[in-house]
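These notebook entries record what I looked up in the structure shown below. They are grouped by topic.

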Amino acid sequence: MPLNIIEKFSISYMQILDEKGNVDPELEPDLSRDDLLKLYHYMTLSRMVDSRMLNLQRQGRLGTLPACTGQEASFCASVLAIKNTDWFAGSYRELGGRLMRGDSLLNLLYLYNGFEEGSYNYENNRTLPISIILASQLPHAVGLAYGSRLQGEKDTVALVLFGDGSTSEGDFHEALNFAGVLNAPVVFLCQNNQYAISTPRKLQTKSATIAQKAIAYGIPGIQVDGNDVLAVYKSVKDAVTRARNNEGPSLIEAFTYRMLMHTTADDPTRYRDDQEVERWKEKDPLKRFKIFLTNKKLWDDKKQLDLENELKQTIDETVKQFESKNDFKPDAPFDYVFEHPGSTLEEQRMDFLENLKKETEND
Amino acid sequence: MTKINMVQSLNRTLHQIMESDEKVLIMGEDVGLNGGVFRVTEGLFEKYGRKRVIDSPIAESSILGVAIGMAISGLKPVVEMQFSGFSYLMMHQLEGNASRMRTRSRGQFTVPLVVRMPYGGGIRALEHHSESKEVYFAHTAGVKVVIPSSPSNAGLLLKAAINDPDPVIFMEPKRSYRSFKENVSDDNEKITLGSAQILKRGDDITIISWGAMMRDTLKAVQDLEEETGFNPEVIDLLTISPMDTRTIVESVKKTGRCVIIQEAQKSFGPASEIIALINDQALMYLEATVKRVTMYDVPFPLFGRELLYMPSIEKIKRAVLETLNE
Ligand SMILES: Cc1ncc(C[n+]2csc(CCOP(=O)(O)OP(=O)(O)O)c2C)c(N)n1
């Protein structure tokens, strides 16, 4: 008997705004002037904050940090496509997206200076904290989305971000499968920045794309230019719309590049060459977005200068505040272990404080 | 004789073993081209190639699962968990399979593999990069748990772990990775798994520790020796499980006093086990309650406060003095 083809699949790639700033008018999403400017604002802020934090790290004023430069379109345009009432979960490489969700630079400085006080403080409490355990946030997003629906919220969705390396973890596969089975309103956005730490994408998977992994779980998958704000926005918006309409989860692969080190503890010259980095500079997401805005008469050099000055001033002030004296208590790590700590832990807190007193007396 | 640090010692041992035993294979995240995030596997990829030094996908569960298969097939995998904080993803393979394959197959299949992982605090790291969870592994029958404390014992223990016929969790105190150097001899010195080491003989008090805490413990002991002239016995556990109970019990019977320094949180740790052991076998010899200096039962604090929470030289000295004066 001849073999019959019983299923056929293909994967599309979407680009709307190319490296030179040309737009495909057919696909161009309908974004208001305010949204476009907000997006540009946060992408610029993210880039500036990233470089300031790296500077502070080099001076020994912050601990180990991830670098987010180059991926602004992926994490900012995706966040723009959800509402404040939607859930957001991510890893640690979505700086501008977190700022858009209402995290503050001050908190991030505290966090990366090793203080619990900075680890959670969102204006929007539908944002999960940074997740360092790779892919562990994906199943959470499935549960958040499903849980909100079950409790009567008719159009809440969850957006979850993660890296290409994370797609090798069981949690990635299990979450996609689970979401498909539950028809959960989740959007999985993989920021494929081409590297885990030193390990390139092609050593993570033999698949030609990350997007095609959706096929195995029966959900839509698409690869988009992750440095193109319009493609990221449109693909996420489309997926969100499907999710809101009870059409289930989607996977989006945002094809981007990590321009700097994995974290400040990493030396990328050990595993990739400068020419590759140079080539990706041409594809910078901010550069082409600026051309786009300029062509739309929404942007000019003066506005750019004003924005940079304004952001620099805010950042300077925040850094100053960060470096001024704080009133953090030494026993804060005991604060959020349990709602009802019980006697063992309370005794330990007393013991800790007593010890501390003895130590300061000895000094 | 050359003075080298712990990373260099581990690296040297791996090079020696890869050279002498072609069944040994290295696998883990970023262990190849990058030489591991702490450079413990540096140079192996260049020398032995991608077939024996595998940059694996990020999948801790399968790193151990695949290694179990490799071990059953006859290889001796030495796999790396990039940080112990990510090793929990392999727990089901450890508890459900690595530890029981010998039992379940009635000796037909054995799993001679080593899982290396940096652990411990004090290096100003991000969340999940500072815990000491040796007890998770020690609570699994059929798995050995080994923790070196110095450049010289690290290499020897790693060699013993690789040559051991059963699965070994090899926890590397990353705070001690580069903090000091030692002469590491090239001769055929040996340490057997399951033996603690008496670093200092004495009869006033038994002081027990392991891993990165050994360094602070020795400093505290040295200070107190100068200040009080006391004569302590100091034990480096080296193997957490199975524990060298005889060395501990004999020492405590002799000294009648004991302090244990454990970097892990207080409750349910190896220190609790040692106290239970003393209770079982040396209770009548005690002249003071057994003390432990530990972390608190809180999620490991971020680095801004970590040193306040970890055992310190001062805390160790206070506990020892209190025990001596009790
Ligand atoms: C479960 C787990 N394993 C290992 C690590 C160590 N680690 C931190 S980041 C990283 C690479 C992650 O790559 P990817 O998912 O592509 O995200 P990116 O860092 O590129 O944003 C690794 C291996 C971790 N954080 N969690």
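**Entry 1: nonpolar patch**

I began with the surface and noted a nonpolar patch formed by A:Tyr146, A:Leu150, A:Phe178, A:Val181 and A:Leu182, with about 520 Å² of accessible area together. Accessible areas come from the Shrake-Rupley method with a 1.4 Å probe, and for residues only the protein chains shown count as cover. Patches are made of residues with over 30% relative accessible area and no salt bridge; like charges are joined within 9 Å, and nonpolar side chains (Val, Leu, Ile, Met, Phe, Trp, Tyr) within 5 Å. A salt bridge is a side-chain nitrogen of Lys or Arg within 4 Å of a carboxyl oxygen of Asp or Glu.

I recorded that the model is predicted, that local features need pLDDT of at least 70 and side-chain atom pairs pLDDT 80 or more, and that totals for chains, interfaces and linings use all residues. Residues are numbered from 1 along each chain as its sequence is written, chains are lettered from A and ligands numbered from 1 in the order in which they are written, and side-chain values use heavy atoms, with hydrogens and water left out.

Which helices each supply at least two residues of the patch? I found α5 (137-150) and α6 (170-182) of chain A, and α6(A) gives the most, with 3 residues. Helices (H or I, at least four residues) and strands (E, at least two) are DSSP runs, numbered from the N terminus. A:Phe178 is placed in α6 of chain A. I list A:Phe178 as exposed because its relative accessibility is 52%; buried means under 20% relative accessible area, exposed over 50%, and partly exposed in between (1.4 Å probe, protein chains only).

**Entry 2: the interface of chains A and B**

I then turned to the interface, where 43 residues of chain A and 40 residues of chain B take part in the contact (heavy atoms within 4.5 Å). The two chains bury about 3500 Å² between them, with 56% of that on carbon and sulfur atoms. Buried area is the accessible area (1.4 Å probe) that two parts lose on being put together, summed over both. A:Ile132, A:Ile133 and A:Arg270 supply 18% of the area that chain A buries against chain B, more than any other three residues.

How many salt bridges does the rule find across this interface? I noted 4. B:Arg305 pairs with A:Glu116 in a salt bridge, the closest N and O atoms being 3.0 Å apart. On the side of chain A that touches chain B, the elements giving two or more residues are α4 (105-112), α7 (201-204) and α13 (342-362) of chain A. The largest share of that side, 10 residues, comes from α13(A).

**Entry 3: B:Ser87**

I located B:Ser87 in the loop between β4 (76-80) and α4 (91-98) of chain B. Is B:Ser87 buried or exposed? I list B:Ser87 as buried because its relative accessibility is 0%. Its side chain reaches the backbone oxygen of B:Ser84 at 2.6 Å. Not counting residues up to four places away in sequence, B:Ser87 touches B:Met81, B:Met117 and B:Phe137.

Just after α9(B), B:Gly256 takes a positive phi of about 75°. In chain A, helix α2 (residues 72-80) is mostly covered, with 9 of its 9 residues buried.

**Entry 4: salt bridges**

My search of the whole structure gave 39 salt bridges over all chains. In one of them, A:Glu19 and A:Lys283 meet at 3.5 Å, N to O. This pair links distant parts of the chain, 264 residues apart. A:Lys83 forms a salt bridge with A:Asp155, the closest N and O atoms being 3.3 Å apart. A:Lys83 lies in the loop between α2 and β2 (87-89) of chain A and A:Asp155 in the loop between α5 and β3 (158-163) of chain A, so the pair ties together parts 72 residues apart in sequence. Finally, I noted a network of salt bridges that links A:Lys329, A:Asp331, A:Asp335, A:Glu346 and A:Arg349.

Note on methods:
Polar contact = N/O pair within 3.5 Å; in protein donor to acceptor, adjacent residues only side chain to side chain.
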